Amino acid sequence: MAKKEVKTNAVRILERYKISFETMTYECDEFVDGIHIADKLNLPHELVYKTIVTTGKSKMHYVFVLPIEKEIDFKKAAKSVGEKSLEMLPLKDLIQLTGYVRGGCTSIGMKKQFPTIIDQTALSFSQIIVSGGKLGLQLKLSPLDLSKIAHAEFFDIIFHTEV
């Protein structure tokens, strides 16, 4: 008997708002980073984005979506949300705060809507790939649709290496 597909909050929200998206699945029982996921699904690394949750000096939480091969520039990210400084949310707090596990965290459908920033590189692509809200599920959608559904803005939030 075929296993019933379990819909995540992210998928339900995209369907409810009639946002065009594709799902991609892969076998996964524990956290693997975005680069391994991209390789497993034969996806170009530049199209795959990760979601990071942070806490500001004000104790407010912020969500950042950036390319899997890049590092967040905490100074730029803090400036983008009007904070003096940011730090990563402790992993032990992720599920309780967002409703998502590490490796399955997405900016769509968290328990609460947090200010969200997508790195501006996403605007270079017609579609990007983000986590679908659980391990083993990725979503492919327009960065503009992601921005609309996650109430996100675009800013430069990554370190740029000098060539």
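The largest pocket of this predicted model holds about 530 Å³ of space. A pocket here is found on a 1 Å grid over the protein atoms alone, as an open set of points where a 1.4 Å probe fits, with protein on both sides within 12 Å along at least five of seven lines. Its volume is the space filled by probe spheres set on the points, which are joined across faces, edges and corners. Lining residues have an atom within 4 Å of a point. There are 24 of them in the largest pocket, and Phe-31, Lys-50, Thr-51, Arg-102 and Gly-103 are the closest to its centre. Two elements, α2 (34-40) and β2 (49-56), each give two or more residues to this lining. The largest share, five residues, belongs to β2. Helices (H or I, at least four residues) and strands (E, at least two) are DSSP runs, numbered from the N terminus.

By class, the lining has 15 nonpolar, six polar and three charged residues. Nonpolar means Ala, Val, Leu, Ile, Met, Phe, Trp, Tyr, Cys and Pro; charged means Asp, Glu, Lys and Arg; the others, Gly among them, are polar. Two of the central residues also meet: the charged end of Arg-102 sits over the ring of Phe-31, 3.7 Å from its centre. For this, CZ of Arg or NZ of Lys must be within 6 Å of the ring centre and within 35 degrees of the ring normal.

The strand β2 also belongs to an open sheet of five strands with mixed pairing, in the order β4-β2-β3-β5-β8. At the edges stand β4 (86-88) and β8 (152-155), each with a single partner strand, so one side of each has no neighbour in the sheet. On average, neighbouring strands are turned by 35° against each other, direction ignored; strand axes are lines fitted to C-alpha atoms, and angles run from 0 to 180 degrees between N-to-C directions. Strands pair if DSSP finds at least two bridges between them. Seven bridges join β2 to β3 (residues 61-67), and the two run antiparallel. Thr-51 has Val-65 in β3 as its bridge partner.

A second open sheet has three strands, in the order β1-β7-β6, with antiparallel pairing. Its edges are β1 (21-25) and β6 (128-131), each left without a neighbour on one side because each has a single partner strand. Five bridges join β1 to β7 (residues 137-141), and Thr-23 stands opposite Leu-139 in β7.

Residues are numbered from 1 along each chain as its sequence is written. Local features need pLDDT of at least 70 and side-chain atom pairs 80 or more, while totals for chains, interfaces and linings use all residues, and side-chain values use heavy atoms, without hydrogens and water.
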